[in-house]
Amino acid sequence: MDYFRSVNVNNMADSMKKFGAQTATFFSRAKQYTEEQLGTSEKTIFDARFESLVEKADRTKYWTERLLRQTEALLQPNPGFRAEEFVYQKLDKPKPPRLTESEALGQSMIEAGNDFGPGTSYGTALVKCGATEKKLGQAERDLKTKSMSNFLHQLKTFLEGDMKTIAKEKRTLLAKRLDLDACKAKVKKAQSPEKIQQAEADLRVCQGEFDRQYEVTKLLLDGISTAHANHHRALMNFVEAQAQYYAQCHAYMTELQKQLASPPGDAALSFVPPSAPSFSDTSGGLDLNTVPRPSLTQKAKVLYDYDAADKNELSLLADEVITVYSAPGLDPDWMIGERGSQKGKVPLTYLELFS
């Protein structure tokens with residue numbers, strides 16, 4: 001028992017010593033950095049090429065983060081949905097499926113069309129538009145999947161991998177530089193031969209650590225050019241995915257236009273009803289007032305508007321229902337029509353007889 005207590009005490013003492021050394025190092029570096037800022041201490045200057053590489057890395061990080069955010073906003077404009085997707089990614093859980101805006105609109109159109117009646121012109125048009133909107137939604141979903149895999153994944157991997165490593169090594173290099181400059185200052189301040197000798201030995205150690213860290217950091221910074229080449233290829237993949245998406249959308253909408261042909265209103269305006277057949281009275285003249293009304297008559301739906309050519313004809317309005325019957329000596333292409341107290345000849349081609 002005493003042995004384990006002794007081990008624990010020793011471990012605690014080692015931890016405290018280590019913490020104390022780290023704290024002393026931190027304050028020493030902070031002091032050195034402050035003196036550099038105040039101009040009371042010299043500072044090791046990096047060469048121009050290294051500074052250029054650092055600047056390029058910083059610009060790359062800034063623009064990559066910005067491009068990533070704005071591409072995500074393009075693919076998913078709703079900030080709430082983007083936040084939700086981010087949470088699911090961090091939790092490493094599959095996101096519940098959600099309809100795109102086009103898919104939701106398409107579903108509503110189909111339901112409305114079926115409610116109005118798929119046999120009606122408006123209902124049919126709604127169902128066709130709804131099916132196309134759902135196709136557009138699926139195309140949008142495919143675009144998002146391809147963009148995430150072939151473009152955004154590259155940017156995220158770079159930021160979370162290479163850039164974090166570069167940032168870490170830059171911080172280490174800064175610490176090594178501060179240690180090196182602190183040693184240089186000690187050498188200048190040393191008075192006795194023993195202190196000068198110790199300070200020069202510490203300086204050589206710090207110089208070696210700084211040089212090694214400098215080369216490591218520089219090697220990583222040189223890799224930014226390779227990252228740019230990778231991002232260029234990823235960008236081309238993104239452009240290709242967009243081109244495919246817009247081509248699909250154009251094809252879907254062109255096909256929908258063909259299916260719908262023209263709006264019902266335009267069709268009605270451009271429609272020309274059939275010409276009324278010429279009337280011939282084989283009895284040598286037909287007086288409607290003397291035509292007997294048969295006991296059996298029919299109902300008929302008027303298909304098109306018809307303007308009476310003379311007082312013996314009956315004007316018609318589309319979709320109204322009238323009573324019709326034949327009369328002896330009347331041209332077979334015509335019938336007698338009645339609407340309330342009105343009576344007159346009507347062309348058979350304008351009617352749909354009820355059985």
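A salt bridge is a side-chain nitrogen of Lys or Arg within 4 Å of a carboxyl oxygen of Asp or Glu. By that criterion, the side chains of Glu-209 and Lys-176 meet in a salt bridge, with an N to O distance of 3.3 Å. The structure is a predicted model, and it holds 11 salt bridges. Its chain has 355 residues, of which 29% count as buried.

**Overall architecture**

- The secondary structure of the chain comes to 8 helices and 5 strands.
- The order of elements from the N terminus is α-α-α-α-α-α-α-α-β-β-β-β-β.
- Among contacts between residues at least 6 apart in sequence, 68% join residues at least 24 apart.
- The accessible surface of the chain is about 23200 Å², and 57% of this surface belongs to carbon and sulfur atoms.

- In general, side chains of opposite charge can pair when their charged atoms come close.
- The side chains of Glu-209 and Lys-176 form a salt bridge at 3.3 Å. This pair links distant parts of the chain, with Glu-209 in helix H6 (residues 193-222) and Lys-176 in helix H5, 33 residues apart. Glu-209 counts as partly exposed, at 28% relative accessibility.
- Arg-293 and Glu-338 form a salt bridge in which the closest N and O atoms are 2.8 Å apart. Arg-293 lies in the loop between helix H8 (264-270) and S1, and Glu-338 lies in strand S3 (residues 334-339), so the pair ties together parts that are 45 residues apart in sequence. Arg-293 is partly exposed, with a relative accessible area of 49%, whereas Glu-338 is buried, with a relative accessible area of 15%.
- Arg-339 and Glu-320 also meet through their side chains in a salt bridge, at 2.9 Å from N to O. Arg-339 belongs to strand S3 and Glu-320 to the loop between S1 and S2, so this pair ties together parts that are 19 residues apart in sequence. Arg-339 counts as partly exposed at 25% relative accessibility, while Glu-320 is buried, with a relative accessible area of 17%.

- The buried residues in H4 are Ser-102, Glu-103, Gly-106, Met-109, Ile-110 and Gly-113. They cover an arc of only 120 degrees around the axis, which puts them on the same side of H4.
- Glu-101 and Asp-115 are exposed on the other side of H4.
- Helix H5 (121-189) is included in what covers the buried residues of H4. Gly-123 is located in helix H5 and counts as buried, at 0% relative accessibility. The C-alpha atoms of Gly-123 and Ile-110 are separated by 8.3 Å, and the two residues are 13 apart along the chain.
- Thr-100 is found in the loop between helix H3 (79-91) and H4. Thr-100 counts as buried because its relative accessibility is 13%, under the cut-off of 20%. Leaving aside residues up to four places away in sequence, Thr-100 touches Gly-137, Glu-140 and Arg-141.

- Tyr-62, Trp-63 and Leu-67 make a nonpolar surface patch of about 320 Å². Trp-63 is found in helix H2 (residues 48-75) and is partly exposed, with a relative accessible area of 44%.
- Thr-64 is also placed in helix H2; Thr-64 is buried, with a relative accessible area of 5%. Not counting residues up to four places away in sequence, Thr-64 touches Leu-155, Phe-158, Leu-159 and His-231.

- Most residues other than glycine have a negative phi.
- Asp-319 has a phi near 80 degrees, a positive value in a residue other than glycine.
- Asp-319 is found in the loop between strand S1 (298-302) and strand S2 (321-325), and Asp-319 is exposed, with a relative accessible area of 55%.

Technical notes. Residues are numbered from 1 along each chain as its sequence is written. This is a predicted model: local features need pLDDT of at least 70, side-chain atom pairs count only at pLDDT 80 or more; totals for chains, interfaces and linings use all residues. Side-chain values use heavy atoms; hydrogens and water are left out. Patches are made of residues with over 30% relative accessible area and no salt bridge: like charges are joined within 9 Å, nonpolar side chains (Val, Leu, Ile, Met, Phe, Trp, Tyr) within 5 Å. Accessible areas come from the Shrake-Rupley method with a 1.4 Å probe; for residues, only the protein chains shown count as cover. Helices (H or I, at least four residues) and strands (E, at least two) are DSSP runs, numbered from the N terminus. Buried means under 20% relative accessible area, exposed over 50%, partly exposed in between (1.4 Å probe, protein chains only). The arc is that of the directions from the helix axis to the C-beta atoms. Contact means heavy atoms within 4.5 Å.
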